[in-house]
Amino acid sequence: MNNTYYGSLIFELSREGRRGYSLPANELKQYGMDALPAQLCREQAPGLPEVDELSVVRHYTNMSNNNFGVDTGFYPLGSCTMKYNPKINEEMCNLPAFTGLHPLQDPDTVQGALEVYYELQRSLATLAGMKEFTLNPFAGAHGELTGLMVMRSYHASRGDDKRTKVIVPDSAHGTNPASAAVCGLDVVVVKSRPDGTVDVDDLRPLLDDTIAGMMMTNPNTLGIFEHSIAEIAKLVHDCGGLMYYDGANLNPMLGKVRPGDIGFDIMHINLHKTFSTPHGGGGPGSGPVGVREGLEQFLPNPRVIRHDEDDSHYYTVENGVNSLGSISGFLGNFGVMMRAYTYILTLGKENVKNVGPLATLNANYVKESLKDSFELPIGGVCKHEFVFDGLKDKSTGVTTLDVAKRLLDFGFHAPTIYFPLLFHEALMIEPTENESRETLDAFIDVMHRIAKEAHDEPEMVKTAPHNTPVSRPDDAQAALKPIVTYRELKEENV
Amino acid sequence: MSKIIDGLYYCESHEYVRVDGEFGYIGITDYAQHELGNVVYVDMPEVDDEVTAGEEFGAVESVKAASDLNSPVSGTVVEVNEALEDEPGLINKDAFENWIIKVQMSDASELEGLMDAAAYKAFIGE
Amino acid sequence: MTHKFFPHTPEDLKAMLARCGENTLDDFYKDVPQELLFKGDYDLPNAMSELEVRRYFEELGSYNEVMTCFAGAGCYDHYSPAVINNIIERSEFLTSYTPYQAEISQGTLQYIFEYQSMMAELTGMEVSNASMYDGATATAEAMMMAIANAKKRNTVLVSSTLNPRVVEVVKTYAHFHGVNIVMIDEKDGVTCRADFEAKVACGDVAGVIVASPNYYGILEDYTGWADLCHDNKALLIMNCVASALGVIKTPAEWGADIAVGDGQSLGLPMNFGGPYVGFLCTSKKLIRKMPGRIVGATRDVDGKRTFVLTLQAREQHIRREKATSNICSNESLMALYVTIYLALMGKQGLREVNEMGYSGAHYLAEKLVETGKFALAFPDKPFLNEFALTTSLNIDALQDMCMSMGIQAGVKIADDKLLLCVTEARSKAEIDALIENVQYFIEKEEENQ
């Protein structure tokens, strides 16, 4: 990553007549497009750039140097599980025998791809303690929505149409209530206890025959294991509801606890978190949804079904009659599945057991090493992540935002900030199992140094970052007068 | 210390109504604008839209937050404050001067259920 | 414990556990009720070395067959310049996350801004979001956007000429979101205007979804449709094949309020169905109703041009159940793919791609009709690079025979209808090979009779 800023836009490199592509000559140009009626054609060519190949390559290479990724440095972004993205994953997902397949090919010609789909869903099922997964959802939020659709389909199949509400803890990520609303469910909020776990006494009176189910993460957003989970699951089940597991925090569970064993009926997994597929600047992700036995009939279409015959097996793509419907054009983000399955095979059953414990060790090590300088609202053992409520010494007015920005100067990505909403100055740290003790020590040293700076020379922290490609942006101006295309940018002269 | 004006009616979601005959001018309180921070957008209804006491009629948006606007009274929108379209930050300058909608009230008795300045002051703990 | 993904030496473990005041890794789980711990064995293979992983996937790959593709129906086999894959594998792009920290994420923010600008140019619309999962979910999001915009109206009309896979997804979202979907009839391969006019006037319509090109590859004439929608307070939503927008009349020119679709046709590998990228563009007036991430331009404290995520207050992490959508991210890397594709192809390249597809498709259609066993399903309807034929032949048997020759002979869309597509990636020799195989099939069939 560079500290100098590369700020050109591709449109600014455009010169009329340049080209960055080569195509074969049209051998059939006697069949000319000018036969199309003019009123069906666009009046003007789109305002796309005209740039030569090397200029395009340099442009995006320079642009990439303004970016920070896991391969650049430590990325302790809480709740996002920024683990290492193994290179072998990339090699495998780019194999032409898979990338060149059309999704509507005859099953005879895609048996290898269908086996990847089937085996990955089966692997996730054994890891999570579920009966079956669909890999069709494109992201965690999409998985949540799909899971809630399963929940509603289950109640509808029993003719129970009173269940229109879903319970969500106040500490939950905003996506949970948003997914519920998209799915046509009303959200009921259950309060947290002072230690951040669900308040069972607050939950009890909420439970009646209008409750479709409850959404939870475990460990919760504070990195604390919900120790009353068995009781909560029983209460929800007794009132006829289903338990939904938000897989955002699955990483510390790998090897130790399976959501299906502790009372959850439906869950999603973020392959881009727990199963090492790259976040790609915000996607493509993949949000497989798993269900316990009895609910698989409601999974979205299409499904990959394995048929065993003597020594051989064969996969088909089928639509189920009780399915909730389709939530994707085809079978989901197949390229992401290739990566996740490579990761599972690379770890194997003997190593996957260490993922959770080592991620948890790293988190506790950082927490214990920093709790003298930062406010730790909830003590005790955490799982894969934990939350500080800002600096211990807030006397100079240095905020969590300032600490986050100052970290960038030292070559670290910032933790998640101002989430969860339970604390004013939340600073949420998640080091994954891939980080070495030396990396963690270097981060710990810098955090202590920033805490000292906040006291000794607060302006240094309050005006950070100082050596990044750009400084703090004017967010208010961006929202007040949104400039979202090059055309507008030229008009506004930015 | 937030500004609170005597003679207005307040509701718990931090909107006020200033009554002028059969009309009510509805906006957000100074306390609310302060909590939100720099307002960057106000989503307003259209003239002739109906509003219902306690129900949403629009939203105010700052960089980091967004909040629904709930009407303290029922009625018909007769005017929206168009100045806010170009300069939503006027709400931060003076939330009481820069009302959001003007409503022809349909049920004056609804005012009885709202807080007066003293009650609102107590409500926000100041 | 030794594995290439775990850097912990025995000394590290000892020292780190000591700092935490614990003795073993298991101690970190003592707050978990013991009966909830997993003590079994996962049903997984043992770890594979890199060599073994390669061998495994190469073997699986041998059970697939990459075909000479004449299939479309929502996924198109286009040429993809070598530059693209090389750049999108750059780990600064690949291994970053959503650009929350603008100061060290200008790369991501800048290309998303370019992507938004390019999609706005292609669709003719004023604004674009940062991308969506795929074309089908983008269309479903547009449906919900129309409902949110209309407030009290609850019906969305969907043309029967929209890709049925997209229709299925829209219907699923609508079912759970509580939206009433009414299909507009098809007539001769295009949306029935009389049926549209009758249904849009019912007073409850929030939006109307049509397709261009439609599922049969036909370019429909939507003259006057937008006005009729607007007269009835409904939004016009147009689902488009992205690549075709290089030459066909744009959603903006038709007067549409929202343009959506899949960006896969802009050079993305077919990848057995994903990852692709959905696009959603609209007018400035509706920008705050638009789902998904948006990147905007501003300046930093030093006055330098800077890109940031903007209008975040509409999003789920702030609005929770009142958000415009539950979408948290975008399909960023695939948006980068599209951006580099369009940067390389430019306006001229995109035109050539469409010209070649047009030429190849019209040549193939003509030759197949000449066999006497095929007819255009919708004669006189203009198409670009995809078209439907009716035939008296057994389509399954024909496709099986072509498959044995490594050719994917289109997509069967009815017992007597075959949908075929030709892109610039098909040479004349490949098209001729398909024609010869079809002729051979016809001869064999005639011999058997």
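This is a predicted model: local features need pLDDT of at least 70, side-chain atom pairs count only at pLDDT 80 or more; totals for chains, interfaces and linings use all residues.
Two strands count as paired if DSSP finds at least two bridges between them.

**Stop 1**

Select residues 303-309 and 312-318 of chain A, which are strand 8 and strand 9. These two strands run antiparallel and are joined by 7 bridges. Pick out Glu309(A), whose bridge partner in strand 9 of chain A is Ser312(A).

**Stop 2: the seven-stranded sheet of chain A**

Next, colour the strands of the open sheet in chain A, which has 7 strands in the order 1-7-6-5-4-2-3. The pairing in this sheet is mixed. Its edges are strand 1 (132-134) and strand 3 (186-190) of chain A, each of which pairs on one side only. From one strand to the next, the twist averages 25°.

Inside the sheet, select residues 165-169 and 211-216 of chain A, strand 2 and strand 4. They pair in the parallel sense over 3 bridges. Show side chains for Ile167(A) and for Met214(A) in strand 4 of chain A, which stand opposite each other.

Helix 4 (residues 111-128) of chain A touches strand 1, strand 6 (266-269) and strand 7 (289-291) of chain A. The direction of helix 4 makes about 130° with that of strand 1 of chain A. Helix 5 (residues 140-157) of chain A touches strand 2, strand 4, strand 5 (242-247), strand 6 and strand 7 of chain A. Against strand 6 of chain A, the direction of helix 5 makes about 165°.

**Stop 3: two helices within chain A**

Select residues 334-370 and 437-456 of chain A, helix 10 and helix 12. Their axes come within 10 Å and cross at roughly 30°. Because of that angle, helix 10 of chain A is roughly parallel to helix 12 of chain A. The crossing of these two helices is right-handed.

To see the contact, show these residues:

- from helix 10 of chain A: Asn362(A), Tyr365(A), Val366(A), Ser369(A) and Leu370(A)
- from helix 12 of chain A: Leu440(A), Phe443(A), Ile444(A) and Met447(A)

By class, the contact of helix 10 with helix 12 of chain A has 7 nonpolar, 2 polar and no charged residues.

**Stop 4: the domains of chains A and C**

Zoom out and colour chain A by domain: domain 1 is 10-59, domain 2 is 88-347 and domain 3 is 351-476. Taken over C-alpha atoms, the centres of domain 1 and domain 2 of chain A are separated by 43 Å.

Chain C is divided into domain 1 (10-61), domain 2 (68-77 + 346-448) and domain 3 (82-340). When selecting domain 2 of chain C, take both segments, 68-77 and 346-448. The centres of domain 1 and domain 3 of chain C are separated by 42 Å over C-alpha atoms.

**Stop 5: where chain A meets chain C**

How many residues does the contact take from chain A and from chain C? It takes 170 residues from chain A and 166 residues from chain C. Helix 10 of chain A gives the most to the side of chain A that touches chain C, with 22 residues. By class, that side of chain A has 89 nonpolar, 56 polar and 25 charged residues.

Helix 1 of chain A passes helix 12 of chain C in a right-handed crossing.

Show Glu53(A), Val56(A) and Tyr60(A) in helix 1 of chain A, which meet Ile340(C), Ala343(C) and Leu344(C) in helix 12 of chain C. By class, the contact of these two helices has 5 nonpolar, no polar and 1 charged residues.

**Stop 6**

Finally, turn to chain B, where 3 strands form an open sheet in the order 4-6-7 with antiparallel pairing. Strand 4 (39-43) and strand 7 (66-70) of chain B are the edge strands. Neighbouring strands of this sheet are turned by 20° against each other on average, direction ignored.

Select strand 4 and strand 6 (residues 56-62) of chain B, which pair in the antiparallel sense over 4 bridges. Val42(B) has Val60(B) in strand 6 of chain B as its bridge partner.

Terms used:
Residues are numbered from 1 along each chain as its sequence is written. Chains are lettered from A and ligands numbered from 1 in the order in which they are written. Domain bounds come from an automatic or database domain assignment. Axes are lines fitted to C-alpha atoms, for helices over the stretch in contact, and angles run from 0 to 180 degrees between N-to-C directions. Angles under 35 degrees count as roughly parallel, over 145 as roughly antiparallel, 65 to 115 as roughly perpendicular and the rest as oblique. A crossing is left-handed if the near helix is turned anticlockwise from the far one by less than a right angle, and right-handed if clockwise. Two residues are in contact if their C-beta atoms, placed from the backbone, lie within 7 Å. Ala, Val, Leu, Ile, Met, Phe, Trp, Tyr, Cys and Pro count as nonpolar, Asp, Glu, Lys and Arg as charged, and the others, Gly among them, as polar.
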